[in-house]
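Here is a short briefing on charges, contacts and surface patches. Keep the structure open while reading.

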Amino acid sequence: MEWSLRAQVAFVLVLSSILTANASGVVSEPEAIRMFLEQSPQARRVVVIERAVDAELRVDTRVANPSVAYQVEDAAGVRDEFLTFQQELPITGRRGLLDDRAELAASAAAMGAEGDLRSDVYALKQAFSDVLYRQQAVETLREGGGLLERTVEILTDREREGEASGYDVLRAEQEWADLRIAIAEAEAALSAARSRFGSFFDPVLNMEAASLQGDLGPNGSLPDAGQATDIALAQRLDLRSLSAERERLDLEYRAARRQRFPEPALTAGWKRTEALGLSDTGYIAAVTVPLPIFNRGRLESARAEAAGERVELETEILTRQIRSEVQAAVAREHAAREAAERYGHDIAQRAVELNRIATLKYDEGESGILELLDAHRTSLTMRLRALAALYAAKVAEIDRNRAMGNEVKP
């Protein structure tokens, strides 16, 4: 399918921005979000859905076209010609209500599509953070691998000089081999995370190969559960969409009730008569009033009323779900932040100190190879757990913002 001129221009701008970002070597989270919002079909879908719903519902709001009729009657030497114009008069205001209904329905549909777009943006944020986490995990494992590799080299040299046993070398080599497997698994997980991140963008941008940079930890303060719930109830798009849907059905109900009142049709025109060689012209005027006997809008109003009751129930159900989601999300983020803070930001320094002490004790003969390797493994595990705790706090923050319905901006 051919792109519109606007879509082509947007794509060129996005392509230029990604090329500029790649030239600088990094892509930040705000840049990634901006690119997604500018070029993704999900973003263009919002406007299209709103326009389509509005156009579909306004079909029923148009005033009927006027009609023109020409009629000839010729009987018993008398010839009559009629030229008439007829127009329905929309005096009940029903079409105005249906116009307002179309606007509300389009707004509700747009909010639903916007909610889907926000969910996609939050999924993009999580994919971005996942790449950062996997990158740092691989770097941490490689640093631990480098330490083990140097340990193996030192032990090998000492074995040649008779200062270390062959068992120490074999045990260290086994530990290094096990860590290489862990590094390979972490690199595979990073590759998968990059693929997920790249899937949010056009393939030509090759975003899975972009260098991402950002803060892995949560940003800003954590609101309390009550405040977060109030904000969610005020700005969640799915709840606002239901509110607009309820107003739309109320307008449909009122419009259906207006069908009890007839809308007359005005007829006006010209008449010409010929009889016995004589002719004359005159005018025609008539008012036609339909009788609302069989269709008084009762079925339409009953349907709108029942649908409105359903929407009210759905609103109540969704309100309870939002309260539960937000409170659970705030509790999870609070626990995740506490865990991340408990590990602390000085975990790397403590890991280095642990390795230094273990190496010194091994060199002085106060401990064996198992104690040395256990210290290496413990310090590496500490760093990875601290990193995982920080990532968990970030994911919890994303989930809490999603539950609150906060708008995501670049």
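The points below go topic by topic.

This is a predicted model. The structure holds 32 salt bridges.

**Salt bridges between helices**
- Arginine 377 pairs with glutamate 175 in a salt bridge, with the closest N and O atoms 2.8 Å apart.
- Arginine 377 belongs to helix 10 (residues 369-404) and glutamate 175 to helix 5 (residues 166-198), so this pair ties together parts that are 202 residues apart in sequence.
- Arginine 377 counts as partly exposed, because its relative accessibility is 34%.
- Glutamate 175 is buried, at a relative accessible area of 11%.
- A salt bridge also joins glutamate 312 and arginine 246, where the closest N and O atoms are 3.1 Å apart.
- That pair links distant parts of the chain: glutamate 312 sits in helix 8 (residues 298-343) and arginine 246 in helix 7, 66 residues apart.
- Glutamate 312 is partly exposed at 46% relative accessibility. Arginine 246 is partly exposed at 27%.

**Other salt bridges**
- Aspartate 238 and arginine 236 meet through their side chains in a salt bridge of 2.8 Å, N to O.
- Aspartate 238 is partly exposed, with a relative accessible area of 31%, whereas arginine 236 is buried, with 9%.
- A network of salt bridges links Glu333, Arg337, Lys394, Glu397 and Arg400.

**Buried polar side chains**
- Glutamate 263 lies in the loop between helix 7 and strand 3 (265-275).
- Its relative accessibility is 12%, so glutamate 263 counts as buried.
- The side chain of glutamate 263 makes a polar contact of 2.6 Å with the side chain of threonine 92.
- The side chain of glutamate 263 also has a polar contact of 2.7 Å with the side chain of arginine 95.
- Arginine 101 is in helix 4 (residues 94-160). Arginine 101 is buried, because its relative accessibility is 7%, under the 20% cut-off.
- The side chain of arginine 101 reaches the backbone oxygen of leucine 57 at 3.0 Å.

**Helix 7**
- Leucine 239 has its place in helix 7. Leucine 239 is buried, with a relative accessible area of 11%.
- Leucine 239 and glutamate 325 are 86 residues apart along the chain, and their C-alpha atoms are separated by 13 Å.
- Arginine 257 is also in helix 7 (residues 237-257). Arginine 257 is partly exposed at 34% relative accessibility.

- Strand 1 and strand 2 are the elements that give two or more residues to the nonpolar patch.
- Strand 1 gives the most, with three residues. Tyrosine 70 is in strand 1.

**Positive phi in loops**
- Alanine 76 has a phi near 55°, a positive value in a residue other than glycine.
- Alanine 76 is in the loop between strand 1 (67-75) and strand 2 (78-88). Alanine 76 is exposed, with a relative accessible area of 84%.
- Leucine 276 has a phi near 55°, again a positive value in a residue other than glycine.
- Leucine 276 is in the loop between strand 3 and strand 4 (278-288). Leucine 276 counts as exposed, because its relative accessibility is 84%.

Terms used. Residues are numbered from 1 along each chain as its sequence is written. This is a predicted model: local features need pLDDT of at least 70, side-chain atom pairs count only at pLDDT 80 or more; totals for chains, interfaces and linings use all residues. Side-chain values use heavy atoms; hydrogens and water are left out. Helices (H or I, at least four residues) and strands (E, at least two) are DSSP runs, numbered from the N terminus. Buried means under 20% relative accessible area, exposed over 50%, partly exposed in between (1.4 Å probe, protein chains only). A polar contact is a pair of N or O atoms within 3.5 Å; within protein, one must be able to donate a hydrogen and the other to accept it, and residues adjacent in sequence count only if both atoms are side-chain atoms. A salt bridge is a side-chain nitrogen of Lys or Arg within 4 Å of a carboxyl oxygen of Asp or Glu.
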